[in-house]
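Colleague: I would like a close look at a single part of this model, taken slowly and with the cut-offs spelled out. Please start from the structure shown here.

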Amino acid sequence: MSNTNSSNRMAVPEAKEAMNKFKMEIANELGVPLTEGYNGNLTSYQNGSVGGYMVKKMIEEQEKKMAGK
């Protein structure tokens, strides 16, 4: 079931491993029992909290860079 028009593609495919590591670090920090592979046992709230916190951390880091810190 491959969708070639998916918006879930990585803009920089070479960053996939780093993003997966970052995702696992955030999940651990939030106490979400995320594992490699299928995570259908988790709620949408749990999965969404990981993605949302990742975005928050990335924005904070970019703001620091833009402020010259």
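Leaving aside its neighbours within four places in sequence, which residues is V32 in contact with?

Modeller: A word on the source comes before the answer: this is a predicted model, in which local features need pLDDT of at least 70 and side-chain atom pairs count only at pLDDT 80 or more, while totals for chains, interfaces and linings use all residues. Residues are numbered from 1 along each chain as its sequence is written, and side-chain values use heavy atoms, with hydrogens and water left out.

Once neighbours within four places in sequence are set aside, V32 is in contact with A27, L42, Q46, S49 and V50, where contact means heavy atoms within 4.5 Å. V32 is found in the loop between α1 and α2; helices here are DSSP runs of H or I with at least four residues, strands are runs of E with at least two, and both are numbered from the N terminus. The protein has two helices and zero strands.

V32 counts as buried because its relative accessible area is 10%, given that buried means under 20%, exposed over 50% and partly exposed in between, with a 1.4 Å probe and protein chains only. S49, which is found in helix α2, is 17 residues from V32 in sequence and 8.7 Å away in space, C-alpha to C-alpha. S49 is partly exposed, with a relative accessible area of 25%, and its contacts, leaving aside neighbours within four places in sequence, are L30 and V32.

V32 also belongs to the largest nonpolar core, whose seven residues are I26, A27, V32, L34, L42, V50 and M54. The elements that give two or more residues to this core are α1 (16-30) and α2 (44-66). Such a core is a set of buried Ala, Val, Leu, Ile, Met, Phe, Trp, Tyr and Cys residues joined through side-chain atoms within 4.5 Å. In soluble globular proteins, nonpolar side chains tend to be buried together.

Apart from neighbours within four places in sequence, N39 is in contact with P33, L34 and N47.

To set this part against the whole, buried residues make up 12% of the 69 residues in the protein. Of the contacts in the protein with a separation of 6 or more, 38% are accounted for by residues 24 or more positions apart.
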